[in-house]
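Q: Hi! Could you walk me through this structure while I have it open? I'll jump around a bit.
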Number of protein chains: 2
Amino acid sequence: MEALNSHNVAVMFFSLAVLLGVARALGELAQRLRQPSVLGELLAGVILGPTILGRIAPTLNETLFPLHGVNAIALDSIATLAIGLFLLVAGMEVDLSTAWKQGKTGGKIGLSSIAFPFVVAILAAFIFPEALGRQPDSDPLVFALFFAIAISISALPIIAKTLIDMGLYRSDLGMVVISAAILNDVIGWVIFAVILGFLSGTGGAGMEIVMTIALTLIFIGGMLTFGRYLIHKMLPFVQAYTRWPAGELSFAMILGLLGAAFTEWIGIHAILGAFIVGVAIGDSSHLRERSRVIIGDFVSFIFAPVFFASIGLKVDFFAHFDAGLVLVVLLMACVCKLVGGTLGARWGGMSRQESIAVGFAMLSVGAMGIIVGMIALNAGIIDERLFVALIVMAMVTSMISGPSMRLVLHKEKKWKLRDVLSSKLFIRSLHANTRRQVIHEMAAAVGETGDLDTTVLELAVRAREEIMSTGIGNGVALPHARIAGLKEVWVVVGISSHGIDFDAPDGKPANLIFLILTPEDDPGAQLDIAAEITRRFRDQDTVDAALRTEHFTDFLALMRAGVQ
Amino acid sequence: MEALNSHNVAVMFFSLAVLLGVARALGELAQRLRQPSVLGELLAGVILGPTILGRIAPTLNETLFPLHGVNAIALDSIATLAIGLFLLVAGMEVDLSTAWKQGKTGGKIGLSSIAFPFVVAILAAFIFPEALGRQPDSDPLVFALFFAIAISISALPIIAKTLIDMGLYRSDLGMVVISAAILNDVIGWVIFAVILGFLSGTGGAGMEIVMTIALTLIFIGGMLTFGRYLIHKMLPFVQAYTRWPAGELSFAMILGLLGAAFTEWIGIHAILGAFIVGVAIGDSSHLRERSRVIIGDFVSFIFAPVFFASIGLKVDFFAHFDAGLVLVVLLMACVCKLVGGTLGARWGGMSRQESIAVGFAMLSVGAMGIIVGMIALNAGIIDERLFVALIVMAMVTSMISGPSMRLVLHKEKKWKLRDVLSSKLFIRSLHANTRRQVIHEMAAAVGETGDLDTTVLELAVRAREEIMSTGIGNGVALPHARIAGLKEVWVVVGISSHGIDFDAPDGKPANLIFLILTPEDDPGAQLDIAAEITRRFRDQDTVDAALRTEHFTDFLALMRAGVQ
């Protein structure tokens with residue numbers, strides 16, 4: 001075997017560490033700014049690639065992320081494996097049964113959200129191919145189809161995340177949107193596969209184009225029916241006769257790799273096979289939760305950041321940034337997708353306001369559009385200018401989707417405890433011995449930090465406490481009040497070693513006390529936070545763990561893990 | 001970026017699928033035969049490599065696993081990443097605090113088990129270098145050191161697995177052996193690192209050898225003290241201020257990759273850095289169980305099989321099999337390691353019998369010896385003949401370690417429920433309505449399957465039942481008897497939809513009934529199986545899940561997962 005030499009190995013490990021490190025750091029930052037993490041991961045590649053690092057330290061850039069030679073192949077191999085596994089996981093997250101249940105409305109939105117942008121984009125690409133960035137020697141039809149699919153596909157993971165953040169995932173609206181997005185995803189990839197069949201010219205492995213397309217459709221149809229059934233029937237045998245969880249994990253991985261190899265071999269891209277196999281596996285109720293978590297987490301949090309960062313290494317985003325083209329592509333995508341989604345929802349009988357919200361929900365192009373763009377660039381169908389425009393469009397649509405939806409539905413993001421906790425408002429050892437003293441001590445912390453009148457806060461909480469005491473049992477109490485004129489949400493966490501009587505139903509004194517102060521005009525804040533605390537501390541183990549924390553950091557770490 | 005072309009991508013995914021598939025299948029087979037799974041994984045490479053597939057289908061072998069070109073580099077990159085991550089996980093499983101607790105005795109065994117074989121092997125390698133397979137142009141000292149370390153290192157994971165299988169892991173003997181193996185591992189890798197320093201000649205990155213060795217020792221010392229402390233302090237911040245579990249997972253991975261890159265850069269092998277970083281991370285009590293499971297399972301069950309199988313792809317095991325050399329190396333390793341371990345245990349004040357058992361426990365060279373051999377071969381220090389002999393030695397010592405220990409301690413392998421379950425003895429719907437009828441119905445199943453006298457079995461169980469009823473609550477009952485002259489262990493599983501009164505402490509009728517028949521002269525069998533059933537079905541959810549199973553396969557799958 002042609003072995004990597006010592007220098008290659010050192011560079012490979014170091015470049016992976018840098019790529020993963022910067023991608024994860026910027027991914028975290030993006031999430032802090034309430035943006036999808038893929039945005040930050042992509043930016044990492046732009047920073048480490050020719051766009052920025054290549055300008056300020058070309059030698060370093062060339063050593064770490066060379067474009068030719070052994071290390072280029074090494075990184076490309078790992079990125080290729082990463083994208084295959086990412087699509088396997090994306091497929092596993094597609095829940096076909098959900099899509100069926102929402103039936104008609106979801107179907108109409110799914111169809112309309114892909115058909116409308118597709119038709120508009122294909123016309124535009126036929127009429128202005130050069131302006132849009134077609135490579136001179138690429139086929140006009142293939143180019144038009146590619147451009148259309150890059151604009152009409154939707155990013156299921158980002159849509160799902162937005163709905164979860166808004167507490168809408170399990171609502172009727174949420175389920176309709178998810179089923180539409182699933183349909184959009186599956187139709188989008190099937191069309192994409194057919195286009196890839198055209199693209200390969202003579203087809204894969206020397207076969208005819210027609211043969212490639214026929215095999216693709218047979219593969220997709222077969223996997224989603226017979227293959228899905230077979231996997232569902234085989235899983236209990238795998239679980240019964242192999243080592244747990246090694247057998248189930250490798251079963252899923254082997255099928256994913258085989259699917260990827262097959263679709264690549266017949267002349268379409270490996271990711272399609274991995275995606276379809278993922279759908280077939282993920283749909284089985286026999287697949288255990290632990291396997292989903294192990295594959296899902298490892299791939300989403302290790303492989304995916306490496307892959308998305310590696311995209312930015314390929315292109316100089318400054319040199320190929322064409323503001324006019326970016327604007328055209330972005331506007332076209334926004335208008336077409338918004339109109340397509342909204343019309344579909346109206347067609348399905350939804351109200352006007354909800355229909356517009358659905359349109360915004362379906363707007364997000366995200367990771368899927370990036371992948372389509374990357375494949376088109378590698379295949380020499382589009383030029384770097386359009387590639388950059390597509391990436392910007394994919395990211396911007398994902399960024400505006402959530403906030404616009406919130407605006408249309410007048411629905412605030414759910415308040416989360418971890419967003420309002422602060423080290424200044426964490427009192428490790430309360431001095432107070434009575435309920436009244438505790439309220440004073442905790443209200444004073446808010447008064448001091450927020451420069452507010454402690455007495456006002458204290459009286460409001462005591463007035464509320466007199467109506468009904470706030471001990472919820474398990475040694476937890478939630479004194480609270482809505483305060484007129486308050487601008488922010490304040491939560492103080494206090495731990496009392498001896499326990500304070502808060503008249504709990506189980507009679508236990510409270511050792512863990514949360515003081516919740518919210519603006520009078522935002523009733524949702526208090527409800528969200530009180531509900532989260534009740535849910536989290538229903539379990540005595542969590543209460544005990546909280547009481548054992550020594551510093552604010554430990555407490556915050558505890559609130560990050562486990563139930564949300 | 002130099003991209004893989006479509007053919008390369010298809011070959012890469014397919015060869016990974018084949019490698020993983022055959023490795024996992026043979027790994028399962030090895031475990032079925034009570035052997036370490038690494039044995040089967042290695043054999044997969046031998047079958048798919050030049051040894052077998054290369055002989056019967058050279059074109060296929062060359063297409064799937066080429067020795068030169070893009071796909072060779074692709075596979076080597078992934079295998080290199082895999083071994084780095086495998087050592088990271090191996091390090092994470094090292095529990096330094098355990099090693100400290102067992103203090104003196106473990107320390108003496110650890111030292112002696114590495115020192116004795118090391119000295120003997122180094123003398124042998126100096127006196128007969130050519131006979132042992134030194135490459136003519138390699139340094140005699142480096143060769144001798146390499147040979148000595150390959151023989152004296154022990155495989156912690158295999159030793160731990162053997163002890164768990166025998167139910168000795170938590171015993172005093174088990175803890176002493178584990179702490180000795182940890183010490184052996186850490187000392188072994190440090191010596192190995194120093195040897196690699198010598199090997200690199202001018203040192204890595206053009207530095208002096210002395211510098212390389214100094215940096216190695218500083219790195220190891222620093223990581224195991226200050227680095228370990230720093231990681232322990234940083235983990236709560238990572239948990240508190242990043243997304244869970246993405247932050248913690250990528251934190252561990254980034255550190256592992258950086259450690260690997262650093263040690264490779266200074267001129268020793270990447271795996272050492274990954275291993276030491278793994279020890280430092282794994283030692284922190286702040287690292288959450290879920291992160292350990294995700295990284296551990298994915299790496300152990302996906303990356304590790306691929307890596308071990310890839311080793312067999314490098315060498316023709318038939319062409320380079322030198323029976324004489326294999327015998328010499330094997331005998332030397334067995335005698336030296338057995339003597340070294342036993343003497344260490346005697347020195348530590350253990351009894352003669354226990355000392356010999358410890359000697360056998362420390363015998364296993366396993367994966368660690370294979371890795372050392374592979375590095376030496378790649379570096380041109382040893383020839384293929386010695387490589388093959390080392391691999392055989394590593395595997396054979398691992399195979400005989402467990403059985404010999406059992407023999408010395410007169411300790412049988414623990415009985416496990418899943419080993420005695422059979423589809424013929426699974427009665428999905430019991431017809432019987434009374435306790436007496438149930439015992440008859442279930443005993444008859446054994447009588448028929450094993451060609452035994454049902455009446456004898458039935459009377460023995462009823463006699464036992466009269467002394468004390470066997471309902472254990474939660475709707476589970478365990479009628480049982482030890483039968484004179486019985487040769488095998490029989491367990492019948494019966495499900496009764498209406499429930500049978502077995503006089504349980506909670507008064508519930510039994511819906512899930514296990515009939516346990518064991519030979520009179522093997523009291524351990526009944527205890528092991530009854531204890532396992534009690535442990536598993538303490539939890540009402542498990543009972544409910546068992547009652548919902550439709551086929552034997554579902555029931556067996558349930559017994560595979562969860563607590564052991």
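Q: Is Asp451(A) buried or exposed, and what is its count of C-beta neighbours?
A: Asp451(A) counts as exposed because it has 7 C-beta neighbours inside 10 Å. The cut-offs, with C-beta atoms placed from the backbone, are 20 or more other C-beta atoms within 10 Å for buried, 12 or fewer for exposed, and partly exposed in between. Please keep in mind that this is a predicted model: local features need pLDDT of at least 70, side-chain atom pairs count only at pLDDT 80 or more, and totals for chains, interfaces and linings use all residues. Residues are numbered from 1 along each chain as its sequence is written, while chains are lettered from A and ligands numbered from 1 in the order in which they are written.

Q: Thanks. What is phi for Asp451(A)?
A: Its phi is near 55°, a positive value in a residue other than glycine. Asp451(A) sits in the loop between α20 (435-450) and α21 (454-467) of chain A. Helices here are DSSP runs of H or I with at least four residues, strands are E runs of at least two, and both are numbered from the N terminus.

Q: And what about Asp451(B)?
A: Phi of Asp451(B) is near 55° too, and this residue is exposed, with 7 other C-beta atoms within 10 Å. Most residues other than glycine have a negative phi, and most peptide bonds are trans.

Q: Speaking of peptide bonds, which residues does a cis one join in chain A?
A: Trp244(A) and Pro245(A), with omega about -5°. Pro245(A) belongs to the loop between α11 (209-241) and α12 of chain A. In chain B, the bond from Trp244(B) to Pro245(B) is cis, with omega near -5°.

Q: Switching to the interface: how many residues of chain B touch chain A?
A: 69 residues of chain B are in contact with 68 residues of chain A, where contact means C-beta atoms, placed from the backbone, within 7 Å. On the chain B side, α1(B) gives the most, with 13 residues. By class, that side has 43 nonpolar, 15 polar and 11 charged residues. Nonpolar covers Ala, Val, Leu, Ile, Met, Phe, Trp, Tyr, Cys and Pro; charged covers Asp, Glu, Lys and Arg; the others, Gly among them, are polar.

Q: Nice. At what angle do α11(A) and α24(B) pack?
A: About 50°, with their axes 7 Å apart. The axes are lines fitted to C-alpha atoms over the stretch in contact, and angles run from 0 to 180 degrees between N-to-C directions. The two helices, α11(A) and α24(B), are therefore oblique to each other. For the labels, under 35 degrees is roughly parallel, over 145 roughly antiparallel, 65 to 115 roughly perpendicular and the rest oblique.

Q: Which residues meet there, in α11(A) and α24(B)?
A: Pro236(A), Phe237(A), Gln239(A) and Ala240(A) meet Thr553(B), Asp554(B), Leu556(B), Ala557(B) and Arg560(B).

Q: Last topic: how many residues are in the largest nonpolar core?
A: It has 347 residues, and those with the most contacts inside it are Val306(A) and Val306(B). A nonpolar core is a set of buried Ala, Val, Leu, Ile, Met, Phe, Trp, Tyr and Cys residues joined through C-beta atoms within 7 Å. Leaving aside neighbours within four places in sequence, the contacts of Val306(B) include Leu16(B), Leu19(B) and Ile78(B). There is also a second, separate core of 44 residues that includes Ala460(B) and Phe514(B).

Methods
Two residues are in contact if their C-beta atoms, placed from the backbone, lie within 7 Å.
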